[in-house]
Amino acid sequence: MTEFQAASKMRELMTEYYIEAKTTKEKPIAWVTSGAPVEFLYTMDVLPIYPENHSAMCGAAHKSLELIEAAEAVGFSPDICSYARTDFGADMTKGGPIQGLPAPDMLLCSTNICKTVIKWYEVVARNYNVPLFIVDTPFMHDGLTRDLIDYTTTQFKNLEEFLTGFTGRSFDLDRFEEVLKFSLEAANYWKKILQLGKTKPSPFNSQDTFIHLAPIVTLRGTQKCADYYKILYEEIRDLAAKKVGSIPKEKYRTLWDNLPIWFKLRRLAEFFEDKKCALVVATYTNSWGGLGDDYDPKNPYEGLAKAYLSVYINSGFEHRINYLASLIDEYSLTGFILHSDRSCKPYSIGMYRMQEEVTRLTGKPGVIIEGDMCDPRVYSDAQTETRLEAFIESMEDSE
Amino acid sequence: MSYFAGIDVGSLTADAVLIDETSNIISYAILPTGHDSQKAGTMAFRTALEQAGALEVDVAGVVSTGYSRGRVEEAGNSKTEISCHARGAFYYFPEVGTIIDIGGQDSKAIRVRPDGRVLDFAMNDKCAAGTGRFLEVMAGALNAPLEMMGKLALESTVEITISSTCTVFTESEVVSLISQGRKPPDIASAICRAIANRTSGLATRVGVADTVVMTGGVAKNRAVVKMLSEKLGHIIMVPEEPQIIGALGAAIIAREGGS
Ligand SMILES: Nc1ncnc2c1ncn2[C@@H]1O[C@H](COP(=O)(O)OP(=O)(O)OP(=O)(O)O)[C@@H](O)[C@H]1O
Ligand code: SF4
Ligand SMILES: [Mg+2]
């Protein structure tokens with residue numbers, strides 16, 4: 001894995017963020033899903049906290065299993081998303097690297113990532129007896145339609161009213177504009193960073209971007225977040241200009257689809273490096289880069305609605321297939337890896353068909369590996385590595 | 001005369017094949033992998049050497065494959081089973097298009113190019129149902145020798161279906177079928193069909209070419225081969241000793257210079 005100079009800055013940011021979350025007296029705390037429109041919260045000085053990000057952190061710290069087991073012990077099914085199980089377990093036991101999250105004063109849940117989050121947040125709402133606001137973003141079967149945009153925009157207005165009632169303060173449009181500006185700035189830098197993966201050799205590995213995703217998930221809408229991605233962008237841009245690759249001898253260039261396997265990040269990074277295979281683009285990290293694409297300063301609500309509707313896993317099958325094929329082309333990839341994540345059904349469904357179609361469109365080999373982002377019990381090193389190695393051999397054979 | 005060797009340490013058996021400079025098979029060995037996979041690889045290699053009356057110094061190159069490919073000390077290089085089975089099957093059947101390898105823990109379907117190199121492959125999911133280990137457990141439950149499962153199944157007269165795909169559940173299903181007085185050939189047949197059905201899905205995923213070859217230990221089970229062939233609507237070729245094809249492919253890769 002690449003150790004960027006900016007990494008220490010990121011660790012500082014994240015530490016500060018969690019310290020503030022744990023100690024704040026004045027700011028109300030909202031637990032939110034990763035695809036929620038947090039710009040509204042930052043505008044109202046409500047501090048957003050992300051159980052998903054926290055679960056990922058527990059997974060990367062090899063702490064998720066004990067939390068998952070705690071959740072299952074009280075009756076949560078092993079078929080539920082492991083982010084949710086990790087979160088329930090952390091909340092019950094106050095375990096994990098930061099001993100659980102601070103209690104929420106409200107909840108904001110958006111269904112653009114999946115429908116699991118509705119039930120998950122309902123459980124939390126019951127546990128803490130706090131209000132829950134659900135943004136219902138319909139699935140984009142056939143692209144972005146006027147109905148979808150209007151339906152979502154209306155809910156953003158409702159959210160605004162809800163927050164005004166909840167905080168007892170009025171919604172400050174100037175402040176909203178400023179928050180949006182920071183949010184877009186961060187997203188645009190993030191996007192520029194990810195596009196540097198087109199450089200040969202790639203200056204970063206997707207494994208690196210999984211880690212550097214933390215601020216844009218949690219701090220999107222703040223100045224420090226925008227500033228951070230500017231620094232990171234400049235560092236990576238210079239590496240790209242000097243043709244410094246993230247792995248010493250890049251021979252294969254691949255795409256990673258779906259969530260990372262947090263508890264295997266390091267082992268897989270070493271595995272890929274050894275095989276001269278760089279992961280240069282990931283649909284997961286790309287999801288946070290597109291926020292600026294639809295922004296319209298004259299109509300910020302609609303722009304946000306479009307952005308939050310258009311996230312990758314909220315879009316139809318055809319679109320995903322074409323998107324993957326276009327990434328393979330744009331990033332000059334030699335193959336693609338589909339992680340069938342046992343937890344994340346909306347992300348994993350239809351993968352066999354997807355593999356077939358993408359290969360048909362691009363002529364590039366693909367592989368499906370089975371895993372999970374936080375539950376190590378459903379992952380096998382030997383099985384996965386044999387599949388990945390055979391995939392790399394097939395890229396070699398197709399040279 | 002120099003030799004080349006391939007060592008395939010799989011989840012159940014450790015196989016070694018010795019070939020000469022023109023790829024003639026000189027000798028081979030099939031041993032159980034057991035708990036010490038490193039030792040099993042070495043033992044298989046030594047046994048093959050002994051049979052050929054050769055010494056380790058006569059061997060110019062060794063390539064390892066199989067689950068424990070990284071733990072074979074004698075090998076200068078390693079390749080996955082996918083590439084090795086492809087190469088080995090190509091040796092016997094140069095017109096091969098699709099290969100189905102069912103071993104102890106994994107089943108794989110491999111699609112190859114006209115030159116025998118891998119085009120695409122599919123493997124079973126995490127669950128070992130439908131693999132050789134599944135057959136062994138069911139042979140145990142039926143109290144029949146593994147080698148006889150195929151023959152037994154072909155004597156079946158009444159068709160029964162096994163519904164579960166899980167090894168553990170199927171074992172108890174078999175036990176209850178026995179207690180219901182069902183005949184062992186009918187049960188064996190249901191077990192073999194369950195494997196054939198699962199595997200046919202893998203094969204259709206990569207595509208069934210004109211020439212289909214089956215390798216790995218389960219190819220010795222004639223009932224599985226027959227049922228799979230019926231299911232795919234296609235003849236399936238089986239090499240003389242299907243269990244050594246991975247090791248043979250590794251030996252050929254060693255002869256070609258290791259990659
Ligand atoms: N004589 C036989 N008759 C029928 N089946 C057999 C016979 N010998 C072995 N088998 C089957 O072959 C299986 C072992 O196959 P093989 O040696 O190819 O596995 P492996 O390479 O060790 O496993 P893997 O490739 O999954 O790691 C056994 O589980 C058994 O079901
Ligand atoms: S199911 Fe998938 S999208 Fe939903 S919370 Fe879990 S990981 Fe995220
Ligand atoms: Mg094998």
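Q: What should I keep in mind about the model?
A: The model is predicted, so to speak with its own cut-offs: local features need pLDDT of at least 70, side-chain atom pairs count only at pLDDT 80 or more, and totals for chains, interfaces and linings use all residues. Residues are numbered from 1 along each chain as its sequence is written, chains are lettered from A and ligands numbered from 1 in the order written, and side-chain values use heavy atoms, with hydrogens and water left out.

Q: Back to ligand 1, which polar backbone atoms are 2.9 Å and 3.1 Å from an oxygen atom of it?
A: Asp106(B) has the one at 2.9 Å, and Gly132(B) has the one at 3.1 Å.

Q: How much of ligand 1 does the protein cover?
A: It covers 93% of the 650 Å² of accessible area that ligand 1 has on its own (Shrake-Rupley method, 1.4 Å probe).

Q: Where does ligand 1 lie relative to the domains of chain B?
A: Between domain 1 (1-93 + 241-259) and domain 2 (95-238), because both give residues to its shell; the bounds come from an automatic or database domain assignment.

Q: And how do the shell residues divide?
A: Into 5 nonpolar, 11 polar and 6 charged. Ala, Val, Leu, Ile, Met, Phe, Trp, Tyr, Cys and Pro count as nonpolar, Asp, Glu, Lys and Arg as charged, and the others, Gly among them, as polar.

Q: Switching to ligand 2, how does its shell divide?
A: Into 9 nonpolar, 2 polar and 1 charged. Among the residues around ligand 2 are Glu52(A), Trp120(A) and Met373(A), where being near takes a heavy atom within 4 Å.

Q: Which helix gives the most to that shell?
A: Helix α6 (residues 116-128) of chain A, with 3 residues. Helices (H or I, at least four residues) are DSSP runs, numbered from the N terminus.

How values were computed. Polar contact = N/O pair within 3.5 Å; in protein donor to acceptor, adjacent residues only side chain to side chain. Helix = DSSP H or I, 4+ residues; strand = E, 2+ residues; numbered from the N terminus.
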